[in-house]
Amino acid sequence: MKKVRQAATRTSARQEARSARRLPRNKKRPNYRLLFSCFCMSLILSGFITYALQTPNLAVKKVKVKGVNLCDRQIIDKYATSMEGKNILSLSKAKVCSAILGVSEVKKVKIGRSLPDKMWVQIIERKPTAVVSDGHSFCMIQGDGLFFHRTTGPAKNIPLIEISKDEVLKPGRKTSSSKVESALEVVKLARSKKLKISKISIDHDGDMCLNMVSGFYVKLGQPDNIARKMSLLRSAIVYRPSIEGEAQYIDLSCPSAPVWKPKADARNAT
């Protein structure tokens with residue numbers, strides 16, 4: 001009797017386990033309200049984007065250009081006004097930037113939006129280290145040797161480098177002359193030592209002469225030991241400031257034996 005009861009208990013347990021396995025799992029109901037809200041929001045957003053890209057209210061009506069001094073204004077305006085009439089949100093600033101950077105005088109350019117219908121262009125031009133002349137034409141040059149702007153003559157407060165005709169003064173290209181590179185080094189050293197020079201003359205043999213703003217000139221000779229020669233010039237002016245008025249020139253061609261020639265009136269006075 002006991003065995004019969006145990007068998008019945010086992011059978012009922014197996015049946016309960018089978019029925020438990022057959023019960024369907026609970027499934028999450030979809031949130032129809034959330035889905036409908038997302039659908040409506042996507043419709044509204046797409047409609048807004050379509051309107052923003054097509055409405056004439058967001059078409060560029062005016063472009064303001066700032067920072068143009070050396071550049072050809074007509075060329076810059078041509079690139080800037082190419083943005084007029086285009087949608088302010090979808091127009092490509094990169095193409096206009098690339099075109100403007102192709103102008104040799106331009107170092108950097110920034111373009112921005114002023115909603116709803118205005119753009120601005122900020123031009124940052126290159127700064128000249130000197131003006132190079134071959135006796136006929138003049139061109140501004142950077143410290144790294146890049147020619148970038150033609151001029152009709154020397155520029156105010158910028159040293160003039162006079163060379164022979166063996167250099168091509170073409171904006172947009174770098175100098176190929178070691179003479180010009182040496183002259184640029186002299187200009188850099190002169191600025192660091194607060195020496196005011198107005199002109200550097202280089203002859204066919206490569207000998208350099210400096211014209212100081214004060215009136216006397218300096219013979220540097222060949223472009224070697226430039227740093228030492230400029231230090232000697234600085235020391236001569238510091239320790240004897242009157243030399244700029246008394247000397248006709250100072251010769252530093254041989255750094256170990258610098259000499260200077262007094263003016264005629266200075267000799268007569270002594």
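Tutor: Let's start with a term: buried means under 20% relative accessible area, exposed means over 50%, and partly exposed is in between (1.4 Å probe, protein chains only). Also, this is a predicted model, where local features need pLDDT of at least 70, side-chain atom pairs count only at pLDDT 80 or more, and totals for chains, interfaces and linings use all residues. Residues are numbered from 1 along each chain as its sequence is written, and side-chain values use heavy atoms, with hydrogens and water left out.

Student: Okay, is cysteine 209 buried or partly exposed?
Tutor: Cysteine 209 is partly exposed, because its relative accessibility is 26%.

Student: And cysteine 97, buried or exposed?
Tutor: Buried, because cysteine 97 has a relative accessible area of 18%.

Student: How many disulfides are there?
Tutor: Zero, counting a disulfide as a pair of cysteine sulfur atoms within 2.5 Å.

Student: Where does cysteine 139 sit?
Tutor: Cysteine 139 is in strand E5, residues 138-141. Strands (E, at least two residues) are DSSP runs, numbered from the N terminus. Cysteine 139 counts as buried, because its relative accessibility is 0%.

Student: What does cysteine 139 touch?
Tutor: Skipping residues up to four places away in sequence, its contacts (heavy atoms within 4.5 Å) include Val131, Phe148, Arg150 and Leu169. The C-alpha atoms of cysteine 139 and arginine 150 are 4.3 Å apart, with the two residues 11 apart along the chain.

Student: New topic: which strand holds serine 133?
Tutor: Serine 133 is in strand E4, residues 130-133. Serine 133 is buried, because its relative accessibility is 4%. Beyond neighbours within four places in sequence, serine 133 contacts residues including Phe138, Ile161 and Leu169.

Conventions: Helix = DSSP H or I, 4+ residues; strand = E, 2+ residues; numbered from the N terminus.
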